[in-house]
Amino acid sequence: MSKRFLWSNIALGVGWFFFLGGLAAMAGRAQDPTMETNVAPFMGLQIILGVSAYRSVKRTKLGLKEESFERRGLEIAALVIVWHRTAIFVVALLFGKHNPKLIHEFYNEPAVPLMEHLITPVWTLTRYILMRRTPANTDNAQ
């Protein structure tokens, strides 16, 4: 494993744990509807797609892969998937059509909604933009 991709590999592993754990929690909830769970598989998918977009742009900046229209399109598609629930939530709040259950979750158990709607999308977009702005072929890219 290359040290250049150490932290993105760790983030990718965390994303897979969240995704598979969320699927397992949903399966458990399907068998027992009274079981409470606040693990969301979508957050894991957000992390996986965000890390994939980041790694893709990092590979092009390091000269490991060539820049292409398809690669850029897949990066942007991944970022759209990461941001789409947050955008829908913000639009719903602006027009007053928000889900009272989600507002209740923000108020009572804010960790998962904040991770899913704020921290993960902002972190993903920030890292992607910073990597996109780094000069090409730098060996000290993070």
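A salt bridge is a side-chain nitrogen of Lys or Arg within 4 Å of a carboxyl oxygen of Asp or Glu. The exercises below use this predicted model.

**Exercise 1.** Which parts of the structure does the pair Glu67 and Arg132 tie together?

*Solution.* Start with the contact. The side chains of Glu67 and Arg132 form a salt bridge, at 3.5 Å from N to O. Glu67 sits in the loop between H2 and H3, and Arg132 sits in helix H5 (residues 111-133), so the pair ties together parts 65 residues apart in sequence.

**Exercise 2.** Trace the salt-bridge network around Arg132.

*Solution.* Arg132 also forms a salt bridge with Glu75, with the closest N and O atoms 2.6 Å apart. Glu75 belongs to helix H3 and Arg132 to H5, so this pair ties together parts 57 residues apart in sequence. Then turn to Glu67. Its side chain meets that of Arg72 in a salt bridge (3.3 Å, N to O). Through shared partners, Glu67, Arg72, Glu75 and Arg132 join into one network.

**Exercise 3.** How do helices H2 and H3 run relative to each other?

*Solution.* Take the axes of H2 (residues 41-61) and H3 (residues 69-95). They come within 9 Å and cross at roughly 150 degrees. Angles over 145 degrees count as roughly antiparallel. Therefore H2 is roughly antiparallel to H3. The crossing is left-handed.

Key
Residues numbered from 1 in each chain as written. Predicted model: local features only at pLDDT ≥ 70, side-chain atom pairs only at ≥ 80, totals over all residues. Heavy atoms only, no water. Axes fitted to C-alpha atoms, helices over the stretch in contact; angles between N-to-C directions. Helix = DSSP H or I, 4+ residues; strand = E, 2+ residues; numbered from the N terminus. Parallel < 35°, antiparallel > 145°, perpendicular 65-115°, else oblique. Left-handed = near helix turned anticlockwise from the far one by under 90°.
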